[in-house]
Amino acid sequence: MTDLAVDASITAQIEARVRAAGSSFYWGMRVLPAPRRAAMYAIYAFCREVDDIADDAPDDQKAPGLAAWRAEIAALYDGRPSHPITRALLEPVTSYRLDRHDFLAIIDGMEMDAGAAIRAPSLAELDLYCARVASAVGRLSVRAFGADSARALDVAEALGRALQLTNILRDIEEDAARGRLYLPRELLDRHGIAGSEPLEVLRHPALPAVCAELVAMARAKFAEAERAMADCPRRPMRPAALMKAMYRAILDRLERRGWTALDRPVKTPKALKLWLVVRHGLI
């Protein structure tokens, strides 16, 4: 066994972290064959590491922490990773042709969060953010799933944006507490919301109209992903189809709840998750 070999304890630790996160992504990963599932666990663990730095590290440690991950990605592609997560990524990078630029794009997105709080970005800025923190993850994911055609990458681009827009709508109150507001400036202006102070925007009577437009944007991206997915082999797209179904269910529940009771969390019941796994993952 070489020094870079990934022992069972590292694999177990990474899987435990993914499972403990309680993310819907865990269900999508479970339908994969073991080697591809391990690759996805490592990709997800990397995303959690850099996201935790952007969200929770002290301000003076955010930039150095993300810079250290840039260096670790460089070491990964030089064949000399030192972190357990990048050691777990070493074989998938070669086997599934994972692109270095996608890992770096994710870090770029986290740097957007780690700097001055994002407040009412332009639509172009919001799209760039979604491309970095979500669609780049999608591109890594579809390769790990075993699908890397042009249409599979189209799925990654559209579905990544749909999922991130859903996250923004789901976490709007939590983000506001962090001083962040991802609702785009153009939509706020269209509905007469001039400010960008997060908690004030959330109290504005026009907030539901803004959120309704963002819901429509997310639904358009779900539909775009579905069209691209129809042109891909079904089996490697099973995890993507499952994630699409789970997040569309979240979006449906958010829309039914509305935007005047943001303190009421929206979650997908376990029974629904299990049904979606059967419907989209195991048949």
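Two rings of Phe, Tyr or Trp (for Trp, the six-membered ring) count as a pair if their centres lie within 6.5 Å. With that in hand, let's walk through the aromatic side of this predicted model. Ring pairs join F46, W69, Y77 and F103 into a cluster, and the structure as a whole holds four aromatic pairs.

Start with F46 and W69, whose ring centres sit 5.5 Å apart with 75° between the planes. Planes over 60 degrees apart count as edge-to-face, so that's the label this pair gets. Where do F46 and W69 lie? F46 belongs to helix α3, which covers residues 34–56, while W69 belongs to helix α4, residues 59–77. The pair therefore ties together parts that are 23 residues apart in sequence.

Now hop over to Y129 and Y182. Here the centres are 5.1 Å apart and the planes meet at 25°, so this pair is stacked; the cut-off for that label is under 30 degrees. Y129 is part of helix α7 (residues 123–145), whereas Y182 sits in the loop between α9 (172–177) and α10 (185–190). That's why the contact ties together parts that are 53 residues apart in sequence, with a helix on one side and a loop on the other. Are these two tyrosines buried or exposed? Y129 is buried, with a relative accessible area of 6%, and Y182 is buried too, also at 6%.

How values were computed
Residues are numbered from 1 along each chain as its sequence is written. This is a predicted model: local features need pLDDT of at least 70, side-chain atom pairs count only at pLDDT 80 or more; totals for chains, interfaces and linings use all residues. Side-chain values use heavy atoms; hydrogens and water are left out. Helices (H or I, at least four residues) and strands (E, at least two) are DSSP runs, numbered from the N terminus. Buried means under 20% relative accessible area, exposed over 50%, partly exposed in between (1.4 Å probe, protein chains only).
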